[in-house]
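Please take a look at the sequence and the coordinates, and then read on.

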Amino acid sequence: HAKRLEYCIALNGKSPYLVGDSPTYVDVLAVHAITWFIEECGARIMDRFSRLINLQHLILENAGLRTFLASDLYYPLGDATYVSLVEHVLERDLTC
């Protein structure tokens, strides 16, 4: 489905979002799935999807969303240490 999401962004013209010119719930939901997918499969799985990675960065850099993610209302996102621990536990090579 990553191909379809990439295509949706391409169809949205100059906007980096899936729908419209500003972030929506659709973007947040897609980024949640993308982040989960990267955590489960490794970052290289998204190498071919630069628009989705750009969307992920845009959404995760949003000040309001960052405040929410840092609050007690949301569980913490995995940082680099967390990802390294997951990679180690799953015995995956971080360099591939």
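At 53% relative accessibility, does Arg44 count as buried or exposed? Arg44 counts as exposed, at 53% relative accessibility, where exposed means over 50% relative accessible area, buried under 20% and partly exposed in between, with a 1.4 Å probe and protein chains only.

Before going further, a word on the ground rules. This is a predicted model, in which local features need pLDDT of at least 70 and side-chain atom pairs count only at pLDDT 80 or more, while totals for chains, interfaces and linings use all residues. Residues are numbered from 1 along each chain as its sequence is written, and side-chain values use heavy atoms, with hydrogens and water left out.

**Overall layout**

The chain has five helices and zero strands, so reading from the N terminus gives α-α-α-α-α (helices are DSSP runs of H or I with at least four residues, strands are runs of E with at least two, and both are numbered from the N terminus). The C-alpha trace spans about 40 × 35 × 15 Å along its principal axes. Of the 96 residues in the chain, 24% are buried. Taking contact to mean heavy atoms within 4.5 Å, 54% of the contacts between residues at least 6 apart in sequence join residues at least 24 apart.

The chain exposes about 7000 Å², and carbon and sulfur atoms supply 61% of that area; accessible areas come from the Shrake-Rupley method with a 1.4 Å probe, and for residues only the protein chains shown count as cover. There are 8 positive and 12 negative charges, and their mean positions are 12 Å apart. For that count Lys and Arg are positive and Asp and Glu negative, with His and the chain ends not counted; each charge is placed at NZ of Lys, CZ of Arg, CG of Asp or CD of Glu.

**Salt bridges**

The chain has two salt bridges, each being a side-chain nitrogen of Lys or Arg within 4 Å of a carboxyl oxygen of Asp or Glu.

| Pair | Closest N to O | Relative accessibility |
|---|---|---|
| Arg51 and Glu6 | 3.7 Å | Arg51 40%, Glu6 9% |

Arg51 forms its salt bridge with Glu6. Because Arg51 lies in helix 3 and Glu6 in helix 1 (residues 2–11), the pair ties together parts that are 45 residues apart in sequence. Glu6 is buried, whereas Arg51 counts as partly exposed.

Asp27, in helix 2, is buried yet has no salt bridge. Which side chain of opposite charge is nearest to Asp27? Arg51 is the nearest, at 12 Å. Leaving aside neighbours within four places in sequence, Asp27 is in contact with Tyr17, Leu18, Val19, Ser22, Leu55 and Ile59.

Gln56 lies in helix 3 and counts as buried at 10% relative accessibility. With neighbours within four places in sequence left aside, Gln56 is in contact with Val31, Ile34, Thr35 and Ile38.

**On the surface**

Trp36, Phe37 and Ile45 form a nonpolar patch with about 290 Å² of accessible area together. Patches are made of residues with over 30% relative accessible area and no salt bridge, joining like charges within 9 Å and nonpolar side chains (Val, Leu, Ile, Met, Phe, Trp, Tyr) within 5 Å. Ile45 sits in the loop between helix 2 (25–41) and helix 3 (50–60), and is partly exposed at 38% relative accessible area.

Just after helix 5, Glu91 takes a positive phi of about 55°.

Two C-alpha separations give a sense of scale. Asp21, in the loop between helix 1 and helix 2, is exposed at 70% relative accessible area, and its C-alpha atom is separated by 39 Å from that of His88, 67 residues along the chain. Val28 is found in helix 2 and is partly exposed at 32%; the C-alpha atoms of Val28 and Val86, 58 residues apart along the chain, are separated by 23 Å.
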